[in-house]
Amino acid sequence: MKKAKKIFTTDKDIDHILKFDPDVPETSLKVSSLQPEFMATSNLPVIPWPKGMSPAPKPAAKKPNADDPLPKADVLVVTWTVAEALALSDVLTPGYRSKTDWYPYTHNWVSQFKPIIKKGAPALEENRLGLWFSTRIGNKNVICFKSELHFARDGAQMPIKDLWLQLIDEVKPSLVITTGTAGGIGSGVELGDVVVSKKVRFDCKKTFAKQPFKAQEYVCGKKISFAKVSEANSDLMGVTTS
C-alpha cells in the first residue's frame with residue numbers, strides 16, 4: 001500500500017514553512033532534506049525589465065519610526081513567508097533585502113493587535129506586524145510588505161482582517177497584490193509555476209469552519225491581460241532557470 005503523503009496542518013508544521021530561510025539550510029522542514037546548495041540564494045541574474053520599468057528602491061532619508069503609519073503609494077504588494085519576502089526584495093527592492101534592510105512596522109501593534117493574537121503565533125515572536133520598503137516602478141510608487149500575521153496561526157479573532165484594513169487605509173493604493181507560494185491548489189501546479197488569479201476561495205476546515213465565509217469566493221474586478229502575462233513569462237523564464 002502506498003504510504004499516505006504527509007499534510008502539513010499543525011502549528012509547528014506551518015511555522016516551519018513560514019520561517020524557512022533559503023540562506024539558512026537548518027530551517028528546512030525536518031521531514032525533508034536540508035536545503036541543497038544550488039537552491040541557496042545568490043546574486044540574481046539580470047532581469048530583462050521593459051525600458052523604464054526597472055524597480056528603483058526608495059530608502060527613507062531617515063529610518064521611519066516603527067509605529068508610524070505607512071506612506072501612501074499607488075500599489076501595495078503583500079507577501080507572507082521569510083523566503084517569499086527575500087524573493088520579493090531581491091526583485092523589487094534590489095540592494096535592500098527584507099531581513100536586513102526593510103523597516104519594521106508596529107502601528108497599533110500593542111494596543112490593537114498583540115492582545116488578540118493566539119499564544120505561540122509567529123507575530124508574537126517577532127513582536128511586530130511586518131516589514132516594509134518602498135520602491136518605484138515606472139511612474140508608480142509601490143509599498144512592499146511582509147506580514148507577520150497569518151490567517152492560519154493568529155487565532156479565532158482574525159487580526160489579519162484588521163491588518164488588511166489598516167494597510168489599505170494608510171497606503172490608499174489603487175491596486176493591492178497578495179503574492180506568495182501557490183501551494184495546495186492541485187496536483188497540476190509544480191514548484192516554480194506562476195499562478196495569476198482573479199478569484200480566491202476560502203477552504204476553512206478548522207478554526208473558521210463555522211464562519212459564513214468558510215467556502216466563500218471573492219473575485220477581483222480588474223482585467224488581466226493573459227497575453228501580457230504569457231509574454232512576461234517567456235521573457236522571465238530564462239532568469240528563473242539560470
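**Reading a buried lysine, a core and a patch**

Mentor: Let's start with Lys146: setting aside neighbours within four places in sequence, this lysine is in contact with Thr79, Trp80, Thr81, Val82, Ala85, Trp102, Leu129, Gly130 and Leu131. Keep in mind that this is a predicted model.

Trainee: Which strand does Lys146 lie in?

Mentor: Lys146 is part of strand E5, which covers residues 140-147.

Trainee: And how do I read accessibility here: is Lys146 buried or exposed?

Mentor: The general idea is a cut-off: buried means under 20% relative accessible area. Lys146 has 5% relative accessibility, so this residue counts as buried.

Trainee: What does the side chain of Lys146 join up with through a polar contact?

Mentor: The partner is the side chain of Glu148, at 2.9 Å. For a pair separated along the chain, take Leu86: 60 residues from Lys146 in sequence, yet 9.3 Å away in space, C-alpha to C-alpha.

Trainee: On to the nonpolar core. How many residues does the largest one have?

Mentor: It has 35 residues, and those with the most contacts inside it are Leu70, Tyr105, Phe145, Leu149, Leu163 and Leu167. Several elements each supply at least two residues of this core, among them strand E4 (130-137), E5 and helix H6 (159-171).

Trainee: What about the surface: which residues form a nonpolar patch there?

Mentor: Val194, Val196, Phe226 and Val229 do, with about 350 Å² of accessible area together. One of them, Phe226, sits in helix H7, residues 226-240. Exposed means over 50%, and partly exposed lies between that and the buried cut-off. Phe226 comes in at 49% relative accessibility, so it counts as partly exposed.

Note on methods: Residues numbered from 1 in each chain as written. Predicted model: local features only at pLDDT ≥ 70, side-chain atom pairs only at ≥ 80, totals over all residues. Heavy atoms only, no water. Helix = DSSP H or I, 4+ residues; strand = E, 2+ residues; numbered from the N terminus. Buried < 20%, exposed > 50% of the residue type's maximum accessible area, 1.4 Å probe, protein only. Contact = heavy atoms within 4.5 Å. Polar contact = N/O pair within 3.5 Å; in protein donor to acceptor, adjacent residues only side chain to side chain. Core = buried A, V, L, I, M, F, W, Y, C linked by side-chain atoms within 4.5 Å. Patch = residues over 30% accessible without salt bridge, like charges linked within 9 Å, V, L, I, M, F, W, Y side chains within 5 Å. Areas by Shrake-Rupley, 256 points an atom, 1.4 Å probe, with all protein chains shown as cover. Salt bridge = Lys/Arg side-chain N within 4 Å of Asp/Glu carboxyl O.
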